[in-house]
Amino acid sequence: MGLVERVIFFMALAVLCVASSTAEVYKVGDDKGWTTLSPIPDYQKWSSTKDFKVGDSIVFEYSPEMHNVVQVNYTDYKNCNAASPIRTFTSGKDTIPIKRKGHFWYICGIPGHCAMGQKVDIRVVPHVTQTPPSTTSSPSAPTPSSGPSPSASTAPAPSPKKSSAVTISKGLFGKFGFLVLAVVAAVAY
């Protein structure tokens with residue numbers, strides 16, 4: 001195999017690797033962003049249609065003169081209380097990487113904005129791959145999915161997810177690094 005064929009082969013391999021190592025970037029409120037302008041986006045509905053995973057990012061875009069983003073605990077989220085923030089963001093374009101599973105609550109800390117609906121609950125679930133059911137199990141054997149999990153009673157049932165996220169490359173090299181790696185591998189091979 002000649003050098004050109006090897007470069008093409010390894011470039012194709014690199015493209016496959018990049019495609020399998022992607023993260024999602026979610027802009028809160030999609031095109032409307034983080035706002036109280038009428039009609040105010042339904043941030044709860046927006047969040048419920050997303051499948052947030054570790055490695056993804058959420059982006060809050062807003063006018064920093066009019067809004068901010070305050071990460072709070074659940075009680076402060078329910079009460080629209082920004083007095084004890086976990087973190088406060090004020091840039092107008094805040095990108096928050098999702099580093100672990102769990103619940104994350106954000107409100108606008110400007111008085112009255114949260115009460116108007118400017119708050120969002122980000123639920124990050126572990127990424128689970130589904131395996132086909134075993135054909136060797138007996139019919140009387142209980143299955144893990146035969147009943148609700150202990151935490152299912154405290155959390156709303158998951159809804160169907162739609163993604164309007166931008167896909168980006170992540171990992172050690174990123175897209176450009178995979179291209180360089182492909183060329184180096186082809187030459188060294």
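**Entry 1: Cys-108**

I looked up the accessibility of Cys-108 and found 2% relative accessibility, so Cys-108 counts as buried (buried means under 20% relative accessible area, exposed over 50%, partly exposed in between, with a 1.4 Å probe and protein chains only). I note that this is a predicted model, in which local features need pLDDT of at least 70, side-chain atom pairs count only at pLDDT 80 or more, and totals for chains, interfaces and linings use all residues. Residues are numbered from 1 along each chain as its sequence is written, and side-chain values use heavy atoms, with hydrogens and water left out.

**Entry 2: The disulfide**

I searched the whole structure for disulfides (pairs of cysteine sulfur atoms within 2.5 Å) and found one. A disulfide is a covalent bond between the sulfur atoms of two cysteines. Here Cys-80 is joined to Cys-114, with an S to S distance of 2.1 Å. I then located the two partners, which link distant parts of the chain and lie 34 residues apart. Cys-80 is in the loop between α3 (74–79) and β4 (87–89), whereas Cys-114 is in the loop between β6 (102–107) and β7 (119–124). For these labels, helices (H or I, at least four residues) and strands (E, at least two) are DSSP runs, numbered from the N terminus. Cys-108 is in no disulfide, and the nearest cysteine sulfur, that of Cys-114, is 8.3 Å away.

I also read the angle about the S-S bond, which is -70° and makes the link of Cys-80 and Cys-114 left-handed. Cys-80 has 27% relative accessibility and therefore counts as partly exposed. Cys-114 has 4% and therefore counts as buried.

**Entry 3: Lys-50**

I finally looked up Lys-50, which lies in the loop between α2 (43–48) and β2 (57–61). Lys-50 has a relative accessible area of 4% and is therefore buried. Its side chain makes a polar contact of 3.2 Å with the side chain of Thr-49. A polar contact is a pair of N or O atoms within 3.5 Å; within protein, one must be able to donate a hydrogen and the other to accept it, and residues adjacent in sequence count only if both atoms are side-chain atoms.
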